[in-house]
Amino acid sequence: MTTADMQPDQLEDAPRGEQFYQGLLDDEIRPVPVSLRATSRGFTGSGGIERSRYFDPEFHRREMEGVWSRVWQMACREEQIPNVGDSIVYEIGDWSLIVVRTAPDEIRAFHNSCLHRGTQLRTKAGNVAKGLRCPYHGMTWNVDGTLREIPCEWDFPQIDPAKFCLPEAKVGSWGGFVFVNVDPEAAPLEEYIEDLPWHFADSPLDERYLTAHIVRTVPCNWKVALEAFIEAYHTMAVHPQLLPTAADSMSEYDVYGPHVSRMITAVGVSSDHLENPLDDLEIVRAMLGSKDAEVTIEPGSGARRVLGDRVRASLKRRTGRDHSHLSDAETLDGVEYFLFPNFMPWAGYLTPFAYRFRPDRHDPDSCVMDIMVLEPLPEGEPRPPAAKTRHLGPDESWSDAPELGVFGRVFNQDGSNFGRIQRGLRASVRATTTLASYQESRIRHFHATLDDYLSRSATER
């Protein structure tokens, strides 16, 4: 059921965040995308999450067997492998895949293991147009996975060269992203991503390009890091500098199919955690970072409209495209989607991010977090080359990546809690965590889907 389908009494019964945000959309003077009206009540309830899920090696083993071996996972952007032979190495647990562009319009993923004695064929990104050659004994495969050479071939009479091809994982693409799945029986990506395509119809991600890709290993379970980004409840304590300009506690939370959920946080509105909420002029100046900035707010206008006009003008300068049709919600608000198990693309223009969270091999106390920054494509120009992936070292923080700008501080604030959460979960004497019914509904929804995969795996054993 969507807000448009509801009667007034039903709207009154909606969660506070939904009522608040849909009310903001009612005040828009430009058409609002249908996707922003597609509300779907939070996955409410009173139960918490068993804390051992975040550090138990046996639970990690079950996740690898029942989840990561079956789900679609974002491996890279298409523009990160633009030419035939360009490749990246995608790893999760014990799986290692070479994702390679094998033709101008074809991308494939080969299991990264020599068919002779198992040596990894690749350890880093690069062009393999000349072939995938094992560094140990020199067996070589063509870029399409077919066998090219076996040194001393006469000593391998059991091999049929026509059949000695590199095994493949399944590959799919959406929104300019490449996805892989190691399950040969997996349903197509188009089914797995549910309603994401039409939700992004007004802000297609394939019309953006990669301006930054920052990777960092952080000291917590992958679910701890992921869960920090699917709720705004922590904003008051972790990001107090955002309270003057973001309605954190009035965020809308939507859950759709088992794989997809969404969070929307309005920008250009003060948090109700503030004792003295800012007026429109103060909100605009806070967003601009200057208490003395010259700002004009016309009668009948407000902070969101003024800020929206600024973003629309900025987009015009940066891209050459006319963005005057964009609503204030599209230009300003944090509209973050989640695709199970670990991918978070944003739909807005002020925070053009995509996140990915992966276990750090078999260490349940460590994970790898990727941050991608996606800018709109310039009008009438060739697609700019993708930014090079940057791996931050153990002594570096997100603030050491200037590509993230002022958001580096925000990510540092989040990251400062990761190790403490992980350590506290181990130290707790309680069996479960305690979750808010609505504001942490996406966490509950995420674990319900996780449980479903684990139960199916257990049934099939």
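Is Glu28 buried or exposed? I checked this first: Glu28 counts as buried because its relative accessibility is 13% (buried is under 20% relative accessible area, exposed over 50%, partly exposed in between, with a 1.4 Å probe and protein chains only).

I note the ground rules. The model is predicted, so local features need pLDDT of at least 70 and side-chain atom pairs count only at pLDDT 80 or more, while totals for chains, interfaces and linings use all residues. Residues are numbered from 1 along each chain as its sequence is written, and side-chain values use heavy atoms, with hydrogens and water left out.

**Entry: Glu28**

I placed Glu28 in the loop between helix H2 (16-26) and helix H3 (34-37). Helices (H or I, at least four residues) and strands (E, at least two) are DSSP runs, numbered from the N terminus. I then listed what Glu28 touches: Arg304, Ser327, Asp328 and Ala329, not counting residues up to four places away in sequence. Contact means heavy atoms within 4.5 Å. A polar atom of the Glu28 side chain lies 3.0 Å from the backbone nitrogen of Asp328.

**Entry: Asp309**

I found Asp309 in helix H10 (residues 303-319). Asp309 counts as partly exposed because its relative accessibility is 39%. Its side chain makes a polar contact with the side chain of Arg312, at 2.8 Å. A polar contact is a pair of N or O atoms within 3.5 Å; within protein, one must be able to donate a hydrogen and the other to accept it, and residues adjacent in sequence count only if both atoms are side-chain atoms.

**Entry: strand S16**

I looked at S16 (residues 353-360) next. Seven of its eight residues are buried, so the rest of the structure largely encloses this strand. Strand S15 (residues 343-345) pairs with S16 in the antiparallel sense over three bridges; strands pair if DSSP finds at least two bridges between them. Phe343 stands opposite Arg356 in S16. On to strand S17 (residues 363-376): eight bridges join it to S16, and the two run antiparallel. I saw Asp360 opposite Asp363 in S17. S16 and S17 form a hairpin with two residues between them. Arg361, in the turn, has a positive phi of about 50°.

**Entry: H4 against H13**

How do the axes of H4 and H13 cross, and at what angle? The axes of helix H4 (residues 57-68) and helix H13 (residues 441-460) come within 9 Å and cross at roughly 80°. That makes H4 roughly perpendicular to H13 (65 to 115 degrees). Axes are lines fitted to C-alpha atoms, for helices over the stretch in contact, and angles run from 0 to 180 degrees between N-to-C directions.

Notes:
Parallel < 35°, antiparallel > 145°, perpendicular 65-115°, else oblique.
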